[in-house]
Structure formats: structure tokens, C-alpha cells
Amino acid sequence: MRQRVFSGARPTGRQHIGNYIGAIQNYVKLQEKYDCVYCIVDIHALTTLESTSELQQNIFEMTLDWLAAGIDPKKSIVFVQSHVPEVMELFTLLGMLTPLGWLLRVPTFKEKARMQPQNVNYGLVGYPVLMAADIMLYKSDAVPVGEDQLPHLEMTREIVRRFNFIFGDTFPEPQAKLTNYPLVRGLDGGQKMGKSYNNHIELAATPEETLERVKTAMTDPARQRRNDPGHPEVCNVFSLHHFFNEESTKEIDAQCRVAGIGCVDCKKLLAEGINNALHDFRERRAALEKDPEHIYAILDDGARRAGVIAKQTLAGVKLKMGLTRHA
Ligand code: TYM
């Protein structure tokens, strides 16, 4: 039997190259060897949204990105979290096993509480438990994520261990699967790339928009003038060349160090690399966008297939927890 992979992402609309390099390319690769379940986590999104008016559009945009990137609904299950409501029941049950102290120590909780002090809601504290419910509902063995999600995954593993200890072996301990670029920094060169920091480049941006965004990127701070030699090892633009201009990375490194190329040239090369790498993706996306009904049919079918597994797991959990008399 093939092992199962699960991953999720918040419907933040158009995905950025950080999501792509850190996670989506792995989703696509893993389809060949695993049974994959990919989930658009709309309930998680509610923990930080000020308004839900764009939620449906964001789900649509994100689905387009996933499909255009190569997630294949014939091979994988692609669905929206709230369309399989069993996850909320499992979330509640797992909440009874999870000490509050664990949750208050999670770094992303502390960061979100700092970023939105006016809205430190109950869902935000329970965020990792809902994530554990996502992963456990499908009895997942492996979870492709970027580095920022590792503390959450560790929490899932703790919850799995606790459940198995109290109620008997039920769930596998899921392993994280990182890409070679598990942390993509944003254009500001400091924070991870993310929409909430507005330091990102959207996969679906036009070539012109991509160039404009790349132009705003921070480079080596010690390189003040065109003729100063650069230090690629501290330059964020250079780190993106590794992914988008793999073949010319050595040459760019050498040229930067002797001021053979300046930051402006280097950024142009990066934008070209990104635009070349995403050319086919963008064409596929534009084609998919023309048929929204096809996209919604894929999500409906995904929810139906996910629901079958979810119901089975939940019935087993309720039996083990003493909530039902019969399987
Ligand atoms: P989210 O929506 O923030 O991000 C989706 C995926 O993209 C990765 N990622 C990055 N990787 C590298 N560099 C970056 N700058 C970068 N930005 C984003 C994330 O690590 C993630 O893998 N809590 C999750 C969603 C979730 C989930 C799950 C994930 C809910 N349930 C169960 C795995 C399993 C989140 O907010 O991801």
C-alpha cells in the first residue's frame, strides 16, 4: 500500500514563489510515489482575516495556481477544508488531549498575537490542533511543508503520540518533507516571503510586474556603489538565482564578487529567470481560469473522496475514545 501525504495552505489568493519553492513543487513531485491529499484550509484562514469578502475568490485563485503548477486531480485529492466538516469534530476531540501550555508556546502563535493584538482569538490558539486534525484525519505519513511549519508539525507528532498512548495505536507519526529551499526570504531580505509582509512575488504576476517587484528587492547591504565588489552569500537576490538560474549561478557569483555585474543587471537576470521558469505555468493558469465550473467540479470531487476517508477515521476515533458502542 502506498503511504499517504497530506498538506494544506491558507487561501491567501495568488500564491507566491516562496510557497512554490518551499512547498508546491514538492506537492507535485510526491504525487508519483504517494497517495496525496492537498487541502485549501479556509477555516484556518478565518483566524487572521479581518473580512471574508474575498475568501471565495482567493480559494479559486489558489486552486488555479495549484493545478497550473502540476497538482493533478486524477492522481491527488484536492479539496477545501470546510467541505469535509469531520475535521471540526476531530479538532474538538483532539483539543481535549492538548495541554494549553503547549499551544501558548508555539512561535507562530506568539508572532500572530504580536501582529494582531486586537484579535487574539480562540481559533488562533487552537490553530496547531486544527492542523493536527487535518493531518490525522487522513492518517498521513508525510507532510510537505516549508520550514516555518515545522513547529506545527512537531505539535501534531506530540498529539499523535499522546493519542496512541492513551487510546492505543491509531495514527502514524507524520514526517515533515522539506524541499532544498525550505525558507525563502522576502524581497526585503529579512522576513520569510509572505503576503502579510508584502515582500512577495506572485507566481501569476506578468513578466513586467515580476521585473518591477524584483527591482524593489534588497541586495548586499555592503554594496553601496556599482563598482563595489559584492558578497553573494549575503544577498537575497542571489539566493533566488540558485532556484531560477541554476545553470548561471556560478557565473553570477563570480561576476558579482569582482563587480563585473551590478545589482541592477543581477535583478534583470533574476526576473528573466523567473519569467522563463514560470512561462508554461502562466499559460496553463490562464487556460484553466477560463472554465471556473471545471475548477469547482474538481474541488467537489476532491471533497467527496476526502470525505470517505474522513468518515472512516472519525468513526474509529470515536470508538476508541468511548463515544460510540459499535464501529
Ligand atoms: P501557509 O498557507 O502559510 O503556506 C503554505 C505552504 O507554503 C510554505 N511557505 C514557504 N516556504 C518557504 N518559504 C516561504 N517564504 C514560505 N511561505 C510559505 C509553508 O511552509 C507551507 O508549507 N499552517 C499552514 C497550512 C496548513 C497545513 C495543514 C500545512 C493547515 N493545515 C496541515 C500542512 C499540513 C499554513 O499556514 O501554510
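Start with K139: at 35% relative accessibility, it counts as partly exposed, a label covering what falls between buried (under 20% relative accessible area) and exposed (over 50%), with a 1.4 Å probe and protein chains only. This is a predicted model, so local features need pLDDT of at least 70 and side-chain atom pairs count only at pLDDT 80 or more, while totals for chains, interfaces and linings use all residues. Residues are numbered from 1 along each chain as its sequence is written, and side-chain values use heavy atoms, with hydrogens and water left out.

**Positive phi**

- K139 sits in the loop between α7 and β4 (142-144); helices (H or I, at least four residues) and strands (E, at least two) here are DSSP runs, numbered from the N terminus.
- Phi of K139 is near 45°, a positive value in a residue other than glycine.
- For context, most residues other than glycine have a negative phi.
- N198 also has a positive phi without being glycine, with a value near 50°.
- You'll find N198 in the loop between β5 (175-177) and α9.
- N198 counts as exposed because its relative accessibility is 52%.

**Around the ligand**

- The ligand is surrounded by 26 residues, where a residue counts as near if one of its heavy atoms lies within 4 Å.
- The closest of these residues are R10, Y127, D134, G146 and D148.
- By class, that shell has 13 nonpolar, nine polar and four charged residues. The nonpolar class is Ala, Val, Leu, Ile, Met, Phe, Trp, Tyr, Cys and Pro, the charged one is Asp, Glu, Lys and Arg, and the others, Gly among them, are polar.
- Polar contacts (pairs of N or O atoms within 3.5 Å; within protein, one must be able to donate a hydrogen and the other to accept it, and residues adjacent in sequence count only if both atoms are side-chain atoms) are worth a look here.
- Q149 puts an N or O atom of its side chain 2.9 Å from a nitrogen atom of the ligand.
- V184 works through its backbone: a polar atom there is 2.8 Å from a ligand nitrogen.
- M193 also uses a polar backbone atom, at 2.9 Å from a nitrogen atom of the ligand.
- On its own the ligand exposes 710 Å², and the protein buries 98% of that; these areas come from the Shrake-Rupley method with a 1.4 Å probe, and for residues, only the protein chains shown count as cover.
- Elements giving two or more residues to the shell are β1 (4-9), α1 (17-30) and α7 (122-137).

**Nonpolar cores**

- The largest nonpolar core has 51 residues. Such a core is a set of buried Ala, Val, Leu, Ile, Met, Phe, Trp, Tyr and Cys residues joined through side-chain atoms within 4.5 Å.
- Inside this core, I17, Y27, Y38, W66 and I274 have the most contacts.
- Two or more core residues come from each of β1, α1, β2 (35-40), α3 (55-69), β3 (77-80), α10 (236-244), α12 (263-289) and α13 (292-320).
- The largest share, nine residues, is from α3.
- At least three residues of this core come from each of domain 1 (4-184 + 291-320) and domain 2 (205-286), with bounds taken from an automatic or database domain assignment.
- There's a second, separate core of 42 residues, with F6, W102, A303 and A306 among them.

**Individual residues in helices**

- N26, in helix α1, counts as buried because its relative accessibility is 8%.
- A polar atom of the N26 side chain lies 3.3 Å from the backbone oxygen of K177.
- P128 belongs to helix α7 and is buried, at 3% relative accessibility.
- P128 and L103 are 25 residues apart in sequence, and their C-alpha atoms are 7.4 Å apart.
- E212 is part of helix α9 (residues 207-215) and is partly exposed, with a relative accessible area of 45%.
- From E212 to K268 it's 56 residues along the sequence and 9.6 Å in space, C-alpha to C-alpha.
- F243, in helix α10, counts as partly exposed at 22% relative accessibility.
- F243 and G95 are 148 residues apart in sequence, with 40 Å between their C-alpha atoms.
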